[in-house]
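Subject: Structure handover

Hello,

I am passing on a structure for you to look at. Please open it first, then read the notes below.

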Amino acid sequence: MFLVYCNDGKRNYAPKDPSKHYVYPHSRKAWAFQFILKGSCIRVNRENNATREEPVVGPMLVVSGPDCVHGWSARPKETCSVLIFEFDEADYSLRHIVERAGYRCVKFPASDIPKLRAIYDRCIQAKKSRDFFSPTIYHIISLELALFFLALLPRTELDSGTDFGKTKVIEALAWYKANLTLGPNIEEVAHAVHLSSTHLRRLFHKERGMSPQEAFTHAQFERAKELMLDPSISIELIAENSGFGSASAFSRAFKTELGVSPKIYRTKLQAEYRAATAPAGVIPKG
């Protein structure tokens, strides 16, 4: 999981031209957590070629999917203080509630602001260090934010979306990711979640439209991509920590899956990451 963007500070989203928006509506291509800590602004939503303005008064959390088209504006002299986190992926439970093109606004207690600032500080520290642990820290932070959001929702809304199949698939993927370096097979994963391998295959096809092995392979490549962001980690170590066993096996699988060698892909990935995490320009990203 990658941290695409993070920022904080005071925002004045009021446009100089009242007929326009300060941050024009567009999709972020990332899962965004925007905390309006205090003050107020206007969220500009665009759907089916129609634009709708929605007042936002802090403290409020706005969670947006990667395909959600939105921008920000404000009335003259209206300001707000914000914390912003954007990730390339989101936990299944959050994706289930928000969906890729959706968004949710929820109020939260002002007493939680110090906790949120502490999470933001950890995120900034991981961004500065950019070491072996940074991707794992980003993953943990994204889960903390997802749990923070889900805890604000009515329990009935959360309960209505769960069932045995979804729960077991999520549990199987979580166990596989936790033990990925050991290269567990489908039988071992099924045993860990108290199912037969046949039942597990059936649930994956029903819930994800793919086999368990396809989902596990995807998890391996996602782990490898996370590790590739750190230039100090060798291909051999990436292969070992993403469950491929050897650099040669990793290179063959990577080229078969993505059509390029790990070296070429890594160069491109690191360039994109540097561009995405570069300091914001005059107009802050929102």
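Which residues does Ser81 touch, not counting residues up to four places away in sequence? They are Gly9, Lys10, Phe35, Ile36, Leu37 and Lys38. Contact here means heavy atoms within 4.5 Å.

Some ground rules. This is a predicted model, in which local features need pLDDT of at least 70 and side-chain atom pairs count only at pLDDT 80 or more, while totals for chains, interfaces and linings use all residues. Residues are numbered from 1 along each chain as its sequence is written, and side-chain values use heavy atoms, with hydrogens and water left out.

Back to Ser81. Its place is in strand E7 (residues 80-87). Helices (H or I, at least four residues) and strands (E, at least two) are DSSP runs, numbered from the N terminus. Ser81 counts as buried, at 15% relative accessibility. Buried means under 20% relative accessible area, exposed over 50%, and partly exposed in between (1.4 Å probe, protein chains only).

Next, helix H5. H5 covers residues 164-178, 15 residues in total. From first C-alpha to last, H5 reaches 21 Å, close to the 21 Å expected at 1.5 Å a residue. That expected span is 1.5 Å times one less than the number of residues. Gly165, Lys168, Val169, Ala172, Leu173 and Tyr176 are the buried residues of H5. Seen down the helix axis, they fall within an arc of 130 degrees, so they line one face of H5. The arc is taken from the directions from the helix axis to the C-beta atoms. Their cover includes helix H6 (186-192), helix H7 (197-208) and helix H8 (212-228).

Of its 17 residues, 12 are buried. Among them are Pro212, Ala215, Phe216 and Ala219. Phe216 has a relative accessible area of 0%. Phe216 touches Ala172, Leu173, Tyr176, Ile186, Val189 and Phe204, not counting residues up to four places away in sequence. The C-alpha atoms of Phe216 and Gly183 are separated by 9.7 Å, and these residues are 33 apart along the chain.

Last, the surface. Phe133 sits in the loop between helix H2 (113-129) and helix H3 (134-151). Phe133 is exposed, with a relative accessible area of 54%.

Best wishes
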